[in-house]
Amino acid sequence: MTGKAAVFTKPGVPMEIKDLPIPEVEPGAMLIKVSLANICGSDVHIWEGTFPWGAGDQPRVIGHEMVGRVHKLGPGVSTDSMGQPLQEGDRVVYCYFKPCGQCYVCLHGSPAACPQTLVSLARSCEEHPYFTGAFAEYYYLSPGQMVLKAPDSLSDEVLAPLNCALSQVVFGFHQVGITLGDAVVIQGAGGLGVYATAVARDMGAGTIIVIEQHAERLKLAESFGADHVIDIKELSSSRERISQVRRLTGGRGADVVAEFTGVPQAVPEGITMTRAGGKYLWVGNINVGQTIELDPSRIVLSNRTIVGVGSYDPWAVPAALGFLERTRDRYPYDKIISHKFKLQDINQAFEQAAAGKVTRATIVP
């Protein structure tokens, strides 16, 4: 028995659809039949060659933001991670990574920062368990990975971004902290930025300002609770945008500024938008080797706090799922995925995602 997968070898080379062996499922593991697999910004960076996971010529299956149904349970598996009964055919959401639980970082309570967390994403698709990425018909969930049974009240389109975009935002805002009434600036209104707008509101933000260059994304951010939007095409200079944020926050700047752009030049601007004693959350800039000039005194003299978040602790998945259930009628979650592509059209999908023509593209295996 085989299943189809989009095999990535190296940047600049189109992914090829291949048949891979359906793996035997070991004790404690399960095999997922993928329903939808979204193209995240980090996937685009891999495809472009600006992110370390794209290095080397080893064939592998990339992608991580997905939802699916249990195809086969391994021996000893009868419940999800929260103890709910689980059987084949059930729809599930899950972490796409697994902290080792044994290193210094894990033992000191920071599994999101575990150096071994993402190792499985770089494994060759020519060895067991073959299906270690989202852009395929199947995904192999290893023993110990967080998995939750999904409620019938939420569609695949709503659930698919949960295990990356939404959980990342939930964890990031937990780390930086939002206090009731805070003024929050969100840099970037892609998938993460749109979710961040809704989560910030749910956490008690008083004023939410979203900055973006694509008009359709700004409109979507408004439907998710943004009080003010700043169009980069209209306020083209950093000085203009900083002045606008200060005007909208009583002259002091934002209590919390969160970066979801992936653009290094957004960072000095965002820090300057942060009030004295405020907090800057840094999420989007994951590309290695990109540098910026930064005046450290802007942080030190103003007692600003900088928090970097590149992953999340597993508890963020049930928290994100609860958030979706609680707010499913409040926000148009179904509009976050703007384009759907068949697995065989994955290269076209990546071209459009890289060009910024979509909010979130999804692959239907």
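Trainee: Which residue in β10 is the bridge partner of Ile211?
Mentor: Ile230 is the bridge partner of Ile211. Keep in mind that this is a predicted model.

Trainee: How many bridges join β9 and β10, and in what sense do they pair?
Mentor: β9, residues 207-212, pairs with β10 over 4 bridges, in the parallel sense.

Trainee: What's the strand order in the sheet?
Mentor: The order is β10-β9-β8-β11-β12-β13. That's 6 strands in an open sheet, with parallel pairing.

Trainee: Which strands stand at the edges?
Mentor: β10 (228-231) and β13 (305-308). Each has a single partner strand, so one side of each has no neighbour in the sheet. On average, neighbouring strands are turned by 15° against each other, direction ignored.

Trainee: Which strands does α4 touch?
Mentor: α4, residues 162-176, packs on the sheet and touches β8, β11, β12 and β13. The direction of α4 makes about 150° with that of β12.

Trainee: And where does α6 lie?
Mentor: Across β9 and β10. α6 spans residues 215-223 and runs at about 165° to β9.

Trainee: Switching to helix pairs. At what angle do α7 and α8 pack?
Mentor: About 30°, with the axes 9 Å apart. The angle makes α7 roughly parallel to α8, because angles under 35 degrees count as such. The crossing is right-handed.

Trainee: Which residues make that contact?
Mentor: From α7, Ser238, Arg241, Ile242, Val245 and Arg246. From α8, Glu269, Thr272 and Met273. By class, the contact has 3 nonpolar, 2 polar and 3 charged residues.

Conventions. Residues are numbered from 1 along each chain as its sequence is written. This is a predicted model: local features need pLDDT of at least 70, side-chain atom pairs count only at pLDDT 80 or more; totals for chains, interfaces and linings use all residues. Side-chain values use heavy atoms; hydrogens and water are left out. Axes are lines fitted to C-alpha atoms, for helices over the stretch in contact, and angles run from 0 to 180 degrees between N-to-C directions. Helices (H or I, at least four residues) and strands (E, at least two) are DSSP runs, numbered from the N terminus. Angles under 35 degrees count as roughly parallel, over 145 as roughly antiparallel, 65 to 115 as roughly perpendicular and the rest as oblique. A crossing is left-handed if the near helix is turned anticlockwise from the far one by less than a right angle, and right-handed if clockwise. Contact means heavy atoms within 4.5 Å. Ala, Val, Leu, Ile, Met, Phe, Trp, Tyr, Cys and Pro count as nonpolar, Asp, Glu, Lys and Arg as charged, and the others, Gly among them, as polar. Two strands pair if DSSP finds at least two bridges between them.
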